[in-house]
4 protein chains.
Amino acid sequence: MTGGTFDKDYNFINGELYFKDTHLKEMFDRGRCTLDIDIKTLMMVDSLEMTDEDREIIRHNCARSSSEKILITHGTDRMVDTAIELENANLDKTIVITGAMIPYAFGTSSDGFFNLGSALAFVQVLDPGVYIVMNGRYFPAESVKKNRKTGYFEPFA
Amino acid sequence: MTGGTFDKDYNFINGELYFKDTHLKEMFDRGRCTLDIDIKTLMMVDSLEMTDEDREIIRHNCARSSSEKILITHGTDRMVDTAIELENANLDKTIVITGAMIPYAFGTSSDGFFNLGSALAFVQVLDPGVYIVMNGRYFPAESVKKNRKTGYFEPFA
Amino acid sequence: MTGGTFDKDYNFINGELYFKDTHLKEMFDRGRCTLDIDIKTLMMVDSLEMTDEDREIIRHNCARSSSEKILITHGTDRMVDTAIELENANLDKTIVITGAMIPYAFGTSSDGFFNLGSALAFVQVLDPGVYIVMNGRYFPAESVKKNRKTGYFEPFA
Amino acid sequence: MTGGTFDKDYNFINGELYFKDTHLKEMFDRGRCTLDIDIKTLMMVDSLEMTDEDREIIRHNCARSSSEKILITHGTDRMVDTAIELENANLDKTIVITGAMIPYAFGTSSDGFFNLGSALAFVQVLDPGVYIVMNGRYFPAESVKKNRKTGYFEPFA
């Protein structure tokens, strides 16, 4: 877990969005998920504010993890940057990165719960590699970009 | 789409649960899904009330569909029966069956949106066969049962 | 609190609606309510199943309460019966009865949170008497009925 | 309707809160409200950005309205300023101002639907004057302030 829109909450005192707690645990419970999942918070940041150091922390934790299958929640704006950095690290693991366009805490308009379900499924069955999972699909890290006008992820050759 | 808890609504006149419309279209929109999906309603029934004829309609439609990848929404109580019937039909397609323990219309407690995300992911990448997708996992049709006390799906050897 | 649709939950094991816990405390918290409220559960029943004895329990508790202002949550089908019974008891208190057409637990379609807000407001300012609060309005107990076809409450002369 | 947190939506392209449409109509429908209500949008602004001119528009519209009972949705930060300006205008109408600490669009955490229910109730029964309705209560315009640390409205003598 690294933060991103996915985990944003509304601060009713100042009217701004912020990170309070992650919603991942309650999401897995609500999804009645019976997989053995180890949840770890690496940081809670907007991906627009992610630094090279943050990406290094993510890479380091993926490398040292004993798991062969890793799901990263991440802000959508720099998701591709992190995916490429992990791809270049050649970790021989299946790493799936997902996020949300609308915070999970915003209730019945958020895409987060759907994205989590599909990311969790893809990470179980895809071959080793780094993938972005958004819009119900998976995209290999090196051939996807976010369309900043529409918010959709698009493949390229 | 065959009905099931997944698509139940609340009838505020008589206080009972019923089928009004399917929520699948709005769920794919909310999930910002960009896959090319053809939605078809075969029936809208509780799986406890499904007949052999209903299962035959499902099998027939899976067989005659031009698609190699089929996702069926279904009541959880007889999901396994339908899965086995489809497995026995040897259709050489990837067929994934999912549902929900709590209706999607019940808002932030339903597992349906998560299940839809994971079922949609699994159907894209699993080999031909028939699978049940619940609890964040996929189960081959012939080796899963629903635990009626807990509501969880469990594999068996 | 007496039950009714207002407080119904969904039992995911048998697919039926039932009473688990009341949602009143969380509703007042979510409404950021700063009034001094004493919440008491008298029963948790469908109003269609309310007996004369149940109505007597409600009357008795209203009478012996030290409060001059009482808000009752109640199933909508027999709300008027209880209101008239309380009216006949001449308690010299402001008693407001409200409920919901769709359970609060069903998320963003329920009218319950709105009804609670308006009932709480009316009970603070109306003269002593017994009132039903539904549809954004208050109705004196002796001149209202529920239209069972539409679910709306209607005044009569 | 003047805007405020009450009617904020989430812009998934830039991650900011903004005004898209008002939710008032759907809120009255969901509340199954049968009152005859005329909804009018005067502006859609954060109350922190409200100018003297905006307040003059609100006063002018309250004065020229043919209705004796007016409900204003408003940002909470400058709610009291507008209330006092309307109080000073001596309009001989019952004017109730309400809002929300969490946007209605944020689903099951928002106080907006409850506040709307209570404001609508109070405006029907309070004597002519200007009132703020928040936290389940009404406060005369000249004796209330918002506690900016807690977000609660507090009376003062």
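These questions and answers walk through a predicted model, from its interface to a sheet and a salt bridge.

Local features here need pLDDT of at least 70 and side-chain atom pairs pLDDT 80 or more, while totals for chains, interfaces and linings use all residues. Residues are numbered from 1 along each chain as written, chains are lettered from A and ligands numbered from 1 in written order, and side-chain values use heavy atoms, without hydrogens and water.

Colleague: How many residues does the contact take from chain B and from chain A?

Modeller: Contact means heavy atoms within 4.5 Å. Chain B gives 31 residues, and chain A gives 31 residues.

Colleague: What area is buried between chain B and chain A?

Modeller: Buried area is the accessible area (1.4 Å probe) that two parts lose on being put together, summed over both. Carbon and sulfur atoms give 62% of it. The total is about 2700 Å².

Colleague: Which residues of chain B lose the most area to chain A?

Modeller: Three residues together make up 29% of what the chain B side buries. They are B:R30, B:R32 and B:F114.

Colleague: Which element supplies the largest share of the side of chain B that touches chain A?

Modeller: Helices (H or I, at least four residues) and strands (E, at least two) are DSSP runs, numbered from the N terminus. α4 (112-125) and β6 (137-140) of chain B each supply at least two residues to that side. The largest share is 11 residues, and it comes from α4(B).

Colleague: Which residue stands opposite B:V133?

Modeller: Strand β5 (residues 129-134) of chain B pairs with β6(B) in the antiparallel sense, over 4 bridges. The residue opposite B:V133 lies in β6(B) and is B:Y138.

Colleague: How many residues apart are A:D77 and A:R148?

Modeller: Their side chains meet in a salt bridge (a side-chain nitrogen of Lys or Arg within 4 Å of a carboxyl oxygen of Asp or Glu). A:D77 is in the loop between β3 (69-73) and α3 (79-88) of chain A. A:R148 is in the loop between β7 (144-146) and β8 (153-155) of chain A. The pair links distant parts of the chain, 71 residues apart.

Technical notes
Two strands pair if DSSP finds at least two bridges between them.
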